[in-house]
Amino acid sequence: MIVYDDPDGQPATDIPVRRIKFTINGDMKIAEVEPRLLLSHLIRRGLGLTGTHMGCDTTNCGACTVLVDGRAVKSCTMLAVQADGHEISTVEGLATASELHPLQEGFKEEHGLQCGFCTPGMMMAAKALLDTNPDPTEEDVRWALSGNLCRCTGYQNIVKSVLWAAEKLRA
Amino acid sequence: MYPSRFRYEAPRSLAEAIGLLQDGGDYAKVLAGGQSLVPLMKLRFASPELVVDINNVPGLDYHRADPDGTLRIGALCRHVDLERSDLLKTTQPTMASAAPLIADPIVRNRGTLVGSLCHADPQGDWASVVLALGGSVVARGPRGVRSIPLADFVTGPFQNVLDEDEIAVEAVIPAAQGTRSGGYLKLERRVGDFATVGVAVALETSGETVTRAGIALTGVGGSTIGATEAAAALTGRPLTGDSIARAADLAAQAARPRTDHRGSAEYKRHMVRTFVVRLLDRTDAAAERAA
């Protein structure tokens, strides 16, 4: 359930709401959303999955990256209603109950995060890469992550982490 | 940031979408990739009352060549589809070199070429590419279908000639009369930034002779600039060091750069000249290798 602020004071009956059905990390969900709700807000506020971070909120930083039908998307730049009928994956879907995903292990092993804010977006962008290219070069990784910003400028180790994960996934 | 409140419709056919736009009047916007429109709505630079999302309209995600070589790019063809396209790599060097330079990889997963043309940002990369190639936009509305050359399609910053009830359904690149060459070069401070300077060059050659030339500039004026005099200096003769230098000078003269945080006007003008020479030298060298 999402509770909205209502600065405009419109009667509730005038507010357009749409019912959508979508999958998040494998679970089917139904939600009623205002069309102006962003996917990032549905994920964070509606579903309580706060692993998806809001960084710039202006389509620049990539911290809010999730996968929509396997493709990396900036969730601050997609409307929640557009998730209707689609499959969303967030960073919470990477690990199983007992095991970290190789990407998460890689970030741990190679010290791929400092403050950690950009990490979920980096991991999801990297996952989209590794799902289509299991044996990327360093250049491929840098290319795939070029839409994600790390304000700690820890790119070197982020790239190493992704290459570590790629190797583990291939083994 | 939230957009202002709006009504949302997701039609399943173009006819339905056009009908919705007819009812929506002045305050309806078409949503395709959303990588320009959604940020504008969040900043409240755009506050449509009705958003018509065409993502559920089937059959718009194509890019294909007609038997005569005319290229058609549907309204839901994403930048990433063009970046990965073998068709572009083998037949459209200018487009193939521009596709990986649009925004960043994540934005390219959703954004569309046709949407970029409609958005008509004076800094948009595709507009220069399509202008250099002599392309056009096909619009469909209740009164039928019309084709609008890109030079006439954009009327000003963020403005195009579409009627309120028209949808841009595809972009069209005319077939080449000769062998295509050219490319797109973009100077950017980092991936995803607007171009400090962008130059598109599209040539067609028959034997040694340049039969058609198009040069267009991004980021060096209040709109996309078609450097028609520079292009004319190349046409009807073989590519030589002299004709390349002449075209580069004329392109630099056509630029109207302003000094800003991305660089001085002088620097940008210099980069226009440099990029034109680089793109044409590359073409020249390729021709020599082929000969």
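1. The model is predicted: local features need pLDDT of at least 70, side-chain atom pairs count only at pLDDT 80 or more, and totals for chains, interfaces and linings use all residues. Residues are numbered from 1 along each chain as its sequence is written, and chains are lettered from A and ligands numbered from 1 in the order written.

2. In chain A, the axes of helix 2 (residues 102–109) and helix 5 (residues 155–170) come within 8 Å and cross at roughly 135°. Axes are lines fitted to C-alpha atoms, for helices over the stretch in contact, with angles from 0 to 180 degrees between N-to-C directions. Helices are DSSP runs of H or I, at least four residues; strands are runs of E, at least two; both are numbered from the N terminus.

3. Helix 2 of chain A supplies A:Pro102, A:Leu103, A:Glu105, A:Gly106, A:Phe107 and A:Glu109 to the contact. Helix 5 of chain A supplies A:Ser161, A:Val162, A:Trp164, A:Ala165, A:Lys168 and A:Leu169. Contact means C-beta atoms, placed from the backbone, within 7 Å.

4. Strand 3 (residues 50–53) of chain B pairs with two strands, where pairing needs at least two DSSP bridges. Three bridges join strand 1 (residues 7–9) of chain B to strand 3 of chain B, and these run parallel. B:Glu9 has B:Val52 as its bridge partner. Four bridges join strand 2 (residues 28–31) of chain B to strand 3 of chain B, also parallel. B:Leu31 stands opposite B:Asp53.

How values were computed: Two residues are in contact if their C-beta atoms, placed from the backbone, lie within 7 Å.
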